[in-house]
Amino acid sequence: MSDPRAPQGDDYSATVLGSHWFSGPPPPADAAPDRVEGAVLRFGPGVTAALPAPFPLTPGPAPVPPRRRGGWRRYTLAAVVLAGVLAYLGWQRFGPAVEVREVAVSTDPRGPACDAAADVVATVRTDGRPGTLTYRWVRSDGTRSEELTEHVPDGRTEATLHLMWTFRGTGTYPARAELQLLTPTRRTAATEFTYTCPR
């Protein structure tokens, strides 16, 4: 589409620069340009001053996108929940250990019948915190068990530990069974009974 402001005579010579490269009225039709040098357009016998370009030749700073307001609020709830879960797990693993308040050992004072087993029961009362009890049984016949463990869940205040001691043969044998609690604290408790088999 042609510019209606452009001259229409036969002696008009177009340049490679359109009219948007300079401001002001268009040059007369009889003033054909001498030569074109970049953004400088020269007409007639004289030299005109260089016309400023309509936009900066050097790029300016990139526009900064506007910050979204309240974006951090979306993550606040998730961060609070995650911190709470981590604190609870850390308290369970590294928090205060289960506290032992009382240890007692008992069995039937009459002892087992002939060729039977005595059920020795240890009762460990705690403060209700979760934890692990480490213990061993020591018998008066010179034997002892390996180190045993009992997990105490959260909220339970009592753990029951059993020792089954089997006897064979005739005669009388005074017996003693001792519980040695090793962790979380060292405690001992024992009970005594007599195995009697007359036949």
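Reader: Is Ser140 buried, partly exposed or exposed?

Author: This is a predicted model, so the answer is a computed one. Buried means under 20% relative accessible area, and exposed means over 50%. Ser140 has a relative accessible area of 38%, so the residue is partly exposed.

Reader: Which side chain makes a polar contact with the side chain of Ser140?

Author: Start with the contacts beyond four places in sequence. For Ser140 they are Trp165, Tyr173, Pro174, Ala175 and Arg176. Pro174 is 34 residues away along the chain, with a C-alpha separation of 8.7 Å. The polar contact, side chain to side chain at 3.5 Å, is with Tyr173.

Reader: Which strands stand at the edges of the sheet of 4 strands?

Author: The sheet is open, and its order is S6-S5-S8-S9 with antiparallel pairing. An edge strand has a single partner, so one side of it is left without a neighbour in the sheet. Those strands are S6 and S9 (187-197).

Reader: How many bridges join S5 and S6, and which residue stands opposite Leu133?

Author: S5 and S6 pair in the antiparallel sense. The pairing runs over 5 bridges.

Reader: Which residue in S4 stands opposite Ser106?

Author: S3 and S4 pair in the antiparallel sense over 6 bridges. Ser106 stands opposite Val121.

Reader: Which residues touch the most other members of the largest nonpolar core?

Author: The core holds 25 residues. The elements giving two or more residues to it are S3 (100-106), S4 (117-126), S5, S7 (158-166), S8 (171-183) and S9. The residues that touch the most other members are Val124, Leu133, Trp137 and Leu179.

Reader: Which arginines does Leu179 touch?

Author: Leave out residues up to four places away in sequence. Leu179 then touches residues including Val103, Val105, Val124, Trp137 and Leu161.

Notes
Residues numbered from 1 in each chain as written. Predicted model: local features only at pLDDT ≥ 70, side-chain atom pairs only at ≥ 80, totals over all residues. Heavy atoms only, no water. Buried < 20%, exposed > 50% of the residue type's maximum accessible area, 1.4 Å probe, protein only. Contact = heavy atoms within 4.5 Å. Polar contact = N/O pair within 3.5 Å; in protein donor to acceptor, adjacent residues only side chain to side chain. Pairing = 2+ DSSP bridges. Core = buried A, V, L, I, M, F, W, Y, C linked by side-chain atoms within 4.5 Å.
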